[in-house]
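The report below is meant to be read alongside the sequence and the model.

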Amino acid sequence: EFCADYMADARAGKVTYRGRPKKTSTLDIDHGRIARHIVPLLGGKHIGGITADDVEAFKHAVRLGKTAATIRTGPRGVARVRGGEAAANRAVGLLGSILSYAVKMRLRDDNPVRGIERIPDKKRQPALTPETYRALGNALNKMLEEGSNPWAIHAFRILMMTGCRRVEILGLKKAEVDRHHRCFRFGDTKTGQQLRAIGRTALEALSEVPEMEESEYVFPATRGAGHVVGVKLFGQACRMAELADVTIHSLRHGFASVAGELGYADATIGVLLGHSASTISGRYTHIPDPAALAAADRVSATIARRMVGEGAHGAEIINLPNQEKV
């Protein structure tokens, strides 16, 4: 009952995350975790009676797959709940938020999730080597030639060359693309409104995306008024490229790794990725930092070359502007 109250208040904007109401997409995920993990395992307990031992048992039950199930979400949709370490950590995190809200509502005095150790995440994103980029690039080209959804294929390419989050690119609106200042002006991201420096090579690739005039999205859905959502085609591309451990999120890690290879500092990489602590200057200038633009140019160009098997190794020549000798 309290989970239902929590969700109702969250959708009404009364539950905040980092000072802002939770996004609808986040709340949909929360609803799934409540329905598939929290309610089945703890739904029969009184909100004030949940102890640290209960939370510990809950964590391991999710980890061991005791809530595993295959659930129909619609005529074609299926959710496969498997459990595991990552699922357990996220479910415990949400449980902590729910119990913190219970404390705020004076339904209990403490939050028993505090002090519970999270399960170490053993999964590591694989490094995307030049060979990996080339294999993925070849697979995406072949799929495009064979008639796969062009908007999905182009979206994967842009993800590779920008390091943006999946939801940021799949839901990218035409109005958010500022070609003059070479940036995306996101209206809503994980860290709020943001502008993101985008390399010239990525913007050129964006020009190759077929336009659906009646849609507000750069990557529209083939049916309905929405945008591309599913990423099954990316899994198909990985299988074609014989890449077993690469996921859609690996592309963001790969972008950061290439930036690191090129010698950029963590602060610069954070700006390119849109980390919240790295966006202060953009709030005042309303245009991307020139250094960030230069970095985005180099990183996107390097990844684009690797996707076609060119310039995988070796130095890159940068033409510097003429300056007076002192």
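## Chain overview

Of the 326 residues of the protein chain, 43% count as buried, where buried means under 20% relative accessible area, exposed over 50%, and partly exposed in between, with a 1.4 Å probe and protein chains only. The model is a predicted one, in which local features need pLDDT of at least 70 and side-chain atom pairs count only at pLDDT 80 or more, while totals for chains, interfaces and linings use all residues. Residues are numbered from 1 along each chain as its sequence is written, and side-chain values use heavy atoms, with hydrogens and water left out.

The secondary structure of the protein chain comes to 13 helices and 7 strands; helices (H or I, at least four residues) and strands (E, at least two) are DSSP runs numbered from the N terminus. Among contacts in the protein chain with a separation of 6 or more, 64% are between residues 24 or more positions apart, a contact being heavy atoms within 4.5 Å.

## Helix α11

In helix α11, which spans residues 266-273, the buried residues are Ile269, Gly270, Leu272 and Leu273. Seen down the axis of α11, these buried residues fall within an arc of 160°, so they line one face of the helix; the arc is that of the directions from the helix axis to the C-beta atoms. Glycine 274, with a positive phi near 80°, follows α11.

## The second largest pocket

About 290 Å³ of space lies in the second largest pocket. The lining comprises 14 residues, of which Glu1, Phe2, Gly43, Lys45 and Ile47 are the closest to the pocket centre. Helices α1 (2-11), α2 (24-42) and α4 (85-104) each supply at least two residues of this lining.

| Residue | Relative accessibility |
|---|---|
| Cysteine 3 | 16% |
| Cysteine 164 | 3% |
| Threonine 132 | 10% |

The structure holds 0 disulfides, a disulfide being a pair of cysteine sulfur atoms within 2.5 Å. Threonine 132 has its place in helix α5, residues 130-145, and, leaving aside its neighbours within four places in sequence, threonine 132 is in contact with Ala127, Leu243 and Val246.

Notes
On a 1 Å grid over the protein atoms alone, a cavity is a set of points where a 1.4 Å probe fits but cannot get out, and a pocket is an open set with protein on both sides within 12 Å along at least five of seven lines; lining residues have an atom within 4 Å of a point. Grid points are joined across faces, edges and corners, and a volume is the space filled by probe spheres set on the points.
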